[in-house]
Every structure is written in structure tokens, then in C-alpha cells.
Amino acid sequence: EAGVRFVWLTLGMRFRYEMLQPFNIWQLDAVLGFHIPAGKWDPYVTLHGGYAAIGSLDPKSFDASQVLPCTGTGCSSQDAANAFSSRGGNVGFAIGADYYFVPALSIGVDASFELLFLHRDPLPIPDACKADPSCSAAVTSNSLYQKSGDAAGVGLLASAHLALHL
């Protein structure tokens, strides 16, 4: 996270990469924060929102044969996992406090709440499947290759941080 602070107002950008068990997700957010300077303590509330996307999907988290019927065409579980692409937006807020050891160094804790909205386009028909009539028929009858998908989620996160203030 990086930003600029004007007494009680913070404007910034944040990149977050979360390594979850079945997939990884990354976010790029704009952040707006309101601080209450109180001596060495600095309680705050922030609002954030921006872009979110699934970075990589673990091929062990699903049965590739249900997604990519490419028996004998050289497809792998990783090929099926790479075909998924979900992206969308997120919006949320956080509350926390920083404690300043010295004017340029603080340690803090915060808790955040987030709403996440993702969209998945229909899966592309794999190149290895286009030349195989039985594979093409199986793919075109699979709803993942015909329809898009949308999902919404909620996130709660508690964190501790060390900050350098220039």
C-alpha cells in the first residue's frame, strides 16, 4: 500500500495478493482514509474499492474430466484450470489504529469487511478439442462452455502492519 496523507485524510492505492487453498486472488484498490491524530495513537477508518481477479486455480480443487472432456487429446488438469478466468470488483471498509514509536515508524492493527463481485465468461473451446468430433460434441453440451457465471462474496480480514512514513 502506498499513499499520501494530509493531516487527517489519506489517499492511496493498495495491491493485495491472497493465496487461498483452491485458488489465488489479487486486488488493486483505491483507498480513502480518515484519521484522528491523538498523540502517539492514530485511529482510522478507510474505504476501498477497485478491481479483483482470480490469479490461478489449483487443478487439484476440481475434477478436470467434468470441465474439459479431452481424453486422448493431450489436455491436462492444469489446462482445465488455466481456462478459468474470473474478474470483477470489490468494495469495503476497514477500522484500525496505528501506534507511532517515532514520527516515521508505526505499528498497527486493523479489521476490514469487503464485498466481492466476480464474473466468468463462458470457457473457450480448447484447441486440442476442436479437431476431435467427440470432444467437440462433449464440450458444446457442457454449460460451462455455453454460459457465463457470476458470483458474490464477503470477506473479513484482520491484519497487523509495520509502516514507514516518509
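Visitor: Is Asp42 buried or exposed, going by its relative accessibility?

Guide: Asp42 counts as buried, because its relative accessibility is 2%; buried means under 20% relative accessible area, exposed over 50% and partly exposed in between, with a 1.4 Å probe and protein chains only. This is a predicted model, in which local features need pLDDT of at least 70 and side-chain atom pairs count only at pLDDT 80 or more, while totals for chains, interfaces and linings use all residues. Residues are numbered from 1 along each chain as its sequence is written, and side-chain values use heavy atoms, leaving out hydrogens and water.

Visitor: Which residue meets Asp42 in a salt bridge?

Guide: Side chains of opposite charge can pair when their charged atoms come close. The rule asks for a side-chain nitrogen of Lys or Arg within 4 Å of a carboxyl oxygen of Asp or Glu. Here Arg5 meets Asp42, at 2.6 Å from N to O. Arg5 lies in strand S1 and Asp42 in strand S4, so the bridge ties together parts 37 residues apart in sequence; strands are DSSP runs of E with at least two residues, helices are runs of H or I with at least four, and both are numbered from the N terminus. Arg5 is partly exposed, at 32% relative accessibility.

Visitor: How many salt bridges are there by this rule?

Guide: The count comes to four. One of them joins Asp29 and Arg14, at 2.8 Å from N to O. This pair links strand S3, which holds Asp29, with strand S2, which holds Arg14, across 15 residues. Asp29 is buried at 0% relative accessible area, and Arg14 is buried at 11% relative accessibility.

Visitor: What does the search find for aromatic pairs?

Guide: A pair of aromatic rings is described by the distance of the centres and the angle of the planes. Rings of Phe, Tyr and Trp (its six-membered ring) pair if their centres lie within 6.5 Å; planes under 30 degrees apart are stacked, over 60 edge-to-face and the rest tilted. The whole structure has six aromatic pairs. For Trp26 and Tyr51, the centres are 5.4 Å apart and the planes stand at 50°, so this pair is tilted. Trp26 is in strand S3 (residues 23-35) and Tyr51 in strand S4 (residues 41-57), 25 residues apart.
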